[in-house]
Amino acid sequence: MARKKIIAGNWKMNKTPSEAAAFIRELAPMVAGAEAEVVCCVPAIDIVPAVEAAKGSDIRIGAENMYFEEKGAYTGEISPAMLADAGVSYVILGHSERREYFGETNETVNRKVKKAFEHGLVPIVCCGETLNQREQGITMDWIRQQIKIAFLGISAEQAAEAVIAYEPIWAIGTGKVATSEQAQEVCHGIRELIRELYGDSTAEAVRIQYGGSVAPANAAELFAQPDIDGGLVGGASLKPDFAKVVYYQG
Ligand code: PGA
């Protein structure tokens, strides 16, 4: 079964609401009819204007985070129902920056993954090792632990819908992209873990992205790997050049 590639931008803390709307309107005709699925994950305050600007286009809007409670006294947080109601399709969960700066753990990621599915949001579940872990030779052990905990209590049907983003921390925002062999090796390992946990059909359906300094110049080689189903793209998703990553085949 051929998996549809998914190219998702992760804007991080960039673009104001009016910049977001203008950018989506500029990008929309450039990616119209693309073979890959195109997603822009935007800051919470940009979601409403971005969804509006993306109407009738092939761009889907994602969030960069959410909370795992339905509602209540959680000042400053955004609920899954709010995202779903605003027209969000995807939500990035467990990005390494949220783990590093905002105390996200495998357990909170798991609670969020469950809630996302309850509200019809597709999670983009992030995992990835530090340079130190890679040098210690524990990359795959670490990633397996992150993914196993993130997917606790998640059904095979849900797992098949999920997107997993493998992002080596040493490659994020550094310009130091993983080699296609390194990226393929870990993405393959993740697919084999999903096979162990859920069986063949889930493993063949789940989409696994590579992220970390993806750019127009390296996208084709990375996305040609058999277990890499697209990318989570930070810096290169902020400019119209993002369309070149979407059309990575040239
Ligand atoms: P980068 O970020 O493409 O700027 O390296 C990727 C990410 O953090 O998702």
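**Ligand shell, cores and selected residues of the predicted model**

K12 is partly exposed, with a relative accessible area of 22% (buried means under 20%, exposed over 50%, and partly exposed in between, using a 1.4 Å probe and protein chains only). The structure is a predicted model, in which local features need pLDDT of at least 70 and side-chain atom pairs count only at pLDDT 80 or more, while totals for chains, interfaces and linings use all residues. Residues are numbered from 1 along each chain as its sequence is written, and side-chain values use heavy atoms, with hydrogens and water left out.

K12 sits in the loop between β1 (6-10) and α1 (17-30); helices (H or I, at least four residues) and strands (E, at least two) are DSSP runs, numbered from the N terminus. Although K12 is not a glycine, its phi is positive, at about 55 degrees. Most residues other than glycine have a negative phi. S213 is likewise a non-glycine residue with a positive phi, here about 60 degrees, and its place is the loop between β7 (207-211) and α11 (216-223).

A polar side-chain atom of E167 is 2.6 Å from a ligand oxygen, and for H95 the distance from a side-chain N or O atom to an oxygen of the ligand is 2.7 Å. G235 takes part through a polar backbone atom, 2.9 Å from a ligand oxygen. Of the 280 Å² of accessible area that the ligand has on its own, the protein covers 95% (Shrake-Rupley method, 1.4 Å probe).

Within the protein, the side chain of S213 reaches the backbone nitrogen of G175 at 2.8 Å. Beyond four places in sequence, S213 touches A171, G173, T174, G175, K176, V177 and N218, where contact means heavy atoms within 4.5 Å.

The largest nonpolar core holds 69 residues, of which I59 and F151 touch the most other members; such a core is a set of buried Ala, Val, Leu, Ile, Met, Phe, Trp, Tyr and Cys residues joined through side-chain atoms within 4.5 Å. Helix α9 (residues 180-198) gives the most to this core, contributing seven residues. Another core lies apart from it, with 12 residues that include C41, V163, A165 and L232.

Two further helical residues complete the picture. Q146, in helix α7 (residues 139-150), counts as buried because its relative accessibility is 4%. Leaving aside neighbours within four places in sequence, Q146 is in contact with R99, N106, C127 and G128. D85, in helix α3 (residues 80-85), counts as exposed because its relative accessibility is 70%.

Terms used
A polar contact is a pair of N or O atoms within 3.5 Å; within protein, one must be able to donate a hydrogen and the other to accept it, and residues adjacent in sequence count only if both atoms are side-chain atoms.
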